[in-house]
Amino acid sequence: DYEELKAGAEQADSRLRGGQTQLAARVDCEMANIARAEADVNFLKANYPKDVEIQEASIAKLKTELELSQQELERYDRLYRAKSVSQEEFDRKTTEVVQRGKARQVAEAEFSKLKASFPLELIKAESNLALAKATLVLARSTIDIPTLERSVELAKAQLSRAIVCAPSDGQILKIRARPGEVVRSQTILTMANLEQMCVVAEIYETDLLRLQAGQKVVVTAAA
C-alpha cells in the first residue's frame, strides 16, 4: 500500500535524523571529556618538573638558612657561656634553629609526597583519558548510523516502486485499476496527449477534387 510505504519511509527518515542528532550530542560530550582528560595529562607532565625544581630550590634555601642559624646558635652559646648575652637572646636563637629545622622537615616531606603522588596522579589522568576515548567509540557503535541510512534507502526504494510515472505528459482518459488490486501485466489506465491529435478520416471519391494539402478542417466527435 502506497500510504503504508510512504509512512514507513518517513519513519525511517525520522529515525535517521534522531540518531544523527543523538550521536552528535554524545560525540560533542565525549570530545569535551577527552579534551579535559588530555589537558589534565598535559598539565601534570608540564608542571611536575617545575614543581620539583621549585621544591628543590626551597629545600636548598631552608638548608642554607638552617646551617647559618646553627652557626649563629653556636656563637651565641659561646657568648652565653661567657655571659655576654642574656638567657632570652640565647633562647630566641635556639627557637629559631628549631623552627628552621621543622620548616626544612616539612619541605622535605612535601617533596617526598610530590614525588610519590605524581605517578599515581598521572596514571589516574591517563586512565580517565583512555576511558573517555573508549566511551566515544562505544557511543559511535551504539548508534549505528550506516544501518539507519540503509533503512532509509530501502524504504525510499520500496516507495519508488509503488509510484507509476507516465512516459510523457497527457490527460487520463480512463482508469482501469483500483487501489488494492494486484497489478501484473494488465493496463492500469489509458491516457493521451490532447494538445496535438491526429485524425484518420474517410471521404468520398467525389470530394477529392475539392480537397488540397494544408486545407483547414473542423472535426467534431461525440463526447
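Biologist: Let's start with a pair. Where do Lys 93 and Glu 96 lie, and how many residues apart are they?
Modeller: Both sit in helix H2, three residues apart, which is about one turn of the helix. Keep in mind that this is a predicted model.

Biologist: What do Lys 93 and Glu 96 form?
Modeller: A salt bridge, with the closest N and O atoms 3.7 Å apart.

Biologist: Is Lys 93 buried or exposed?
Modeller: Lys 93 is buried, since its relative accessible area is 16% and the cut-off for buried is under 20%. Glu 96, at 25%, is partly exposed.

Biologist: Which residues do salt bridges with shared partners join into a network there?
Modeller: Glu 65, Lys 93, Glu 96 and Arg 100 are joined into one network.

Biologist: Okay, Glu 65 and Arg 100. How far apart are their closest N and O atoms?
Modeller: They are 3.0 Å apart, and that pair is a salt bridge too. Glu 65 belongs to helix H1 and Arg 100 to helix H2, so the bridge ties together parts that are 35 residues apart in sequence.

Biologist: And how accessible are Glu 65 and Arg 100?
Modeller: Glu 65 is partly exposed at 24% relative accessible area. Arg 100 is partly exposed as well, at 28%.

Biologist: Why would side chains pair up like that?
Modeller: In general, side chains of opposite charge can pair when their charged atoms come close.

Biologist: Which parts does the Glu 126 and Lys 45 pair tie together?
Modeller: Glu 126 is in helix H2 and Lys 45 in helix H1, so the link spans parts 81 residues apart in sequence. Glu 126 has 35% relative accessibility and counts as partly exposed. Lys 45 is partly exposed too, with 46%.

Biologist: Let's zoom out. How many helices and strands does the protein have?
Modeller: Three helices and two strands. Along the sequence the pattern reads α-α-α-β-β. Helix H1 covers residues 2–81, helix H2 residues 87–142, and helix H3 residues 145–161.

Biologist: What about the overall dimensions?
Modeller: The C-alpha trace spans about 165 × 40 × 25 Å along its principal axes. The radius of gyration is 48 Å, while a compact globule of 223 residues would have one near 17 Å.

Biologist: What share of the residues is buried?
Modeller: Buried residues make up 18% of the 223. The accessible surface is about 17600 Å², and 55% of that belongs to carbon and sulfur atoms.

Biologist: Change of topic: where is Ser 160?
Modeller: Ser 160 is in helix H3, and at 43% relative accessibility it counts as partly exposed. The C-alpha atoms of Ser 160 and Tyr 2 are 9.4 Å apart, although the two residues are separated by 158 residues along the chain.

Biologist: Last one. Where is confidence lowest, and where is it highest?
Modeller: Strand S2, residues 189–192, is lowest with a mean pLDDT of 84, and helix H2 is highest at 94. The protein averages 89, and 99% of the residues score at least 70.

Key
Residues are numbered from 1 along each chain as its sequence is written. This is a predicted model: local features need pLDDT of at least 70, side-chain atom pairs count only at pLDDT 80 or more; totals for chains, interfaces and linings use all residues. Side-chain values use heavy atoms; hydrogens and water are left out. pLDDT is the predictor's confidence in each residue, from 0 to 100. Helices (H or I, at least four residues) and strands (E, at least two) are DSSP runs, numbered from the N terminus. Buried means under 20% relative accessible area, exposed over 50%, partly exposed in between (1.4 Å probe, protein chains only). A salt bridge is a side-chain nitrogen of Lys or Arg within 4 Å of a carboxyl oxygen of Asp or Glu. The radius of gyration is taken over C-alpha atoms; the globule rule is 2.2 Å times the number of residues to the power 0.38. Accessible areas come from the Shrake-Rupley method with a 1.4 Å probe; for residues, only the protein chains shown count as cover.
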